[in-house]
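Subject: Structure handover

Hello,

Here is the structure for your files. My notes on it follow below.

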Amino acid sequence: MVTKNSKTETTSWPEPIGSSKGIKPVKSKLRLDKKNGKLMGVCSGLANWTGVDVNIWRVGFVLAALFSIGAPILIYLAIGLIVD
């Protein structure tokens with residue numbers, strides 16, 4: 001038998017706008033994360049800077065490189081060479 005407390009926590013999905021649950025704080029300066037990075041640490045650094053998952057950045061760069069003329073590759077290299 002399941003009993004409910006008077007202080008039950010209600011969860012809603014998706015979370016309401018303005019809730020800060022599960023959101024990482026955004027860092028003020030972009031830095032490469034070579035320790036956790038795969039190639040140059042660009043996607044990992046962007047993930048730390050924006051608070052978005054690193055796999056989303058990686059998939060985004062790969063898809064952009066496949067479906068475009070090649071500008072994302074140049075942007076990736078420019079970020080990797082200029083930042084830090």
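This is a predicted model. The mean pLDDT of the chain is 78, with 68% of its residues at 70 or more. Among the elements of the chain, the lowest mean pLDDT, 88, belongs to helix α1 (residues 42-50). The highest, 92, belongs to helix α2 (residues 54-66).

Aromatic contacts

The count of aromatic pairs comes to 2. In one of them, the ring centres of F61 and Y76 are 5.3 Å apart and the planes stand at 85°; edge-to-face requires over 60 degrees, so this pair is edge-to-face. F61 belongs to helix α2 and Y76 to helix α3 (residues 71-82), so the contact ties together parts that lie 15 residues apart in sequence. F61 and Y76 are both buried, that is, each has under 20% relative accessible area. Together with W57, F61 and Y76 make up one aromatic cluster.

Surface

Is L66 buried or exposed? The relative accessible area of L66 is 62%; the cut-off for exposed is over 50%, so L66 counts as exposed.

Regards

Terms used: Residues numbered from 1 in each chain as written. Predicted model: local features only at pLDDT ≥ 70, side-chain atom pairs only at ≥ 80, totals over all residues. Heavy atoms only, no water. pLDDT = per-residue confidence, 0-100. Helix = DSSP H or I, 4+ residues; strand = E, 2+ residues; numbered from the N terminus. Buried < 20%, exposed > 50% of the residue type's maximum accessible area, 1.4 Å probe, protein only. Phe/Tyr/Trp six-rings, centres within 6.5 Å; stacked < 30°, edge-to-face > 60°.
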